[in-house]
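Please look over the structure shown below before reading on.

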Amino acid sequence: MPINNLFFLFLGIICGTFTGLFPGVHPNNIVALSFLFIPYFESGYVFFLIGMVVAHYFINYVPTVFLGVPDDETATAVFPMHRLTLRGLGYEAVFLSGFGAFLGIVSSIFVIFVISFLNLDFYRFYSFLKSYLPFILALVLFIIVIFSRSYWALVITLLSGIFGVITLYKNPSFNCTLTAIFTGMFGIPILINNLKTARIPHQIITFPDFKLSFLKSAFFGSVGGFLRIFLPGVGGAQVNYFLSKLIRETDIRNFIVSQGSITLANEVFSIFALFLIGTGRSGVAKAIKNLNIDVDLFQLIPSIIIASSISFVVLLYLSKFILLKMQKINFKKISIFFIFFCTFVVVISSINNHLFYHLTIYLTAISIGILCLKTKTPFSYMMSVLIFPTILYFLSS
């Protein structure tokens with residue numbers, strides 16, 4: 001890789017590290033701002049984007065694990081990770097997330113080599129599958145709710161789904177819309193619940209024992225990330241939701257590994273989708289497509305491997321430093337700070353995009369999230385906020 005491209009890759013990793021630490025800050029927001037600097041980046045801009053998005057999703061496990069504040073990709077995994085932190089195993093949760101993410105990237109690259117070697121026609125397969133997707137999604141969602149055998153699971157699913165249809169289906173949608181929804185539903189309720197805790201329990205800085213089942217969990221996570229490239233309108237969070245129900249991991253550590261794998265495999269495959277079916281599945285992938293730069297798929301693979309390796313190491317050292325510092329300060333004050341910070345992010349990001357509309361969304365999302373928390377319903381059922389409008393999107397397209 002040329003030194004120039006390597007420099008921009010490292011610059012992207014640094015930027016992604018900062019965005020990953022702050023809840024509510026999404027790579028898509030940075031992409032929009034960074035377009036101003038394209039004349040200075042030239043062809044290195046692609047490598048900057050790769051470094052940023054990979055680092056962001058690795059480092060984003062820090063607020064997800066320690067504070068319980070996810071973004072739209074880590075929403076379904078937030079509670080199991082935070083639960084380990086409250087048991088004194090926060091560092092283990094971070095390691096498992098990062099390990100799963102790294103395995104997801106390695107598996108994704110392996111799948112790409114297999115696809116290239118077999119010369120498979122995925123565009124034709126995608127065209128065939130598209131018309132059946134709404135019925136597949138509806139059937140899977142129905143089966144999941146029925147087998148939950150919980151009245152509150154049904155209530156939360158319907159409330160979240162109706163809320164999603166009202167806010168996302170044929171309504172003005174911005175990055176701040178999803179920020180308001182996911183921060184309100186999955187982040188603020190846990191932060192409010194954290195107010196009962198003055199200090200986090202003593203944390204054991206240790207690595208979990210390796211299990212072969214981790215490889216299985218990472219493999220299924222990669223499969224979930226791969227399937228997403230055929231699902232326009234379906235994000236990583238929906239894939240996380242369905243796969244978490246289908247593989248039915250009973251061990252919390254395997255579950256966290258699979259979720260880490262899904263998140264990064266999903267992002268890698270969303271970029272590879274540009275080359276497989278001609279369209280991207282993420283803001284970063286679409287930005288690369290809009291650049292009209294002649295980039296070969298196999299030119300990106302070394303940069304992805306370098307970015308993921310560095311980001312994993314940064315995640316382990318940075319999370320250890322933050323975790324040791326957090327044990328010395330009042331956890332309640334940290335939670336209050338991030339409640340205000342998340343609210344500030346929602347306000348600032350939507351101040352020129354229907355502010356009161358997004359504040360209403362934010363408050364409604366918080367109400368549903370608190371109801372879910374108080375009834376001890378798994379947070380994953382709130383993912384119908386995206387699944388309902390996705391089904392309608394397919395039916396009307």
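Is Cys372 buried or exposed? In this predicted model, Cys372 is buried, its relative accessible area being 0%.

**Cysteines**
- Cys15 has a relative accessible area of 21%, and because buried means under 20% and exposed over 50%, this cysteine is classed as partly exposed.
- Cys372, by contrast, falls in the buried class because its relative accessible area is 0%, where the cut-off for that class is under 20%.
- Disulfides number zero in the structure.

**Chain as a whole**
- The secondary structure is made up of 19 helices, with zero strands.
- Among the contacts in the chain with a separation of 6 or more, 83% are between residues 24 or more positions apart.
- The chain has 397 residues, and 57% of them count as buried.
- Its accessible surface is about 17200 Å², and carbon and sulfur atoms account for 70% of that area.

- Phe110, Val114, Phe117, Leu118 and Leu120 together make a nonpolar surface patch of about 540 Å².
- Phe117, one of the residues of this patch, lies in helix 7, which spans residues 90–118.
- The relative accessible area of Phe117 is 71%, and since exposed means over 50%, Phe117 counts as exposed.

Notes: Residues numbered from 1 in each chain as written. Predicted model: local features only at pLDDT ≥ 70, side-chain atom pairs only at ≥ 80, totals over all residues. Heavy atoms only, no water. Disulfide = S-S within 2.5 Å. Buried < 20%, exposed > 50% of the residue type's maximum accessible area, 1.4 Å probe, protein only. Patch = residues over 30% accessible without salt bridge, like charges linked within 9 Å, V, L, I, M, F, W, Y side chains within 5 Å. Areas by Shrake-Rupley, 256 points an atom, 1.4 Å probe, with all protein chains shown as cover. Salt bridge = Lys/Arg side-chain N within 4 Å of Asp/Glu carboxyl O. Helix = DSSP H or I, 4+ residues; strand = E, 2+ residues; numbered from the N terminus. Contact = heavy atoms within 4.5 Å.
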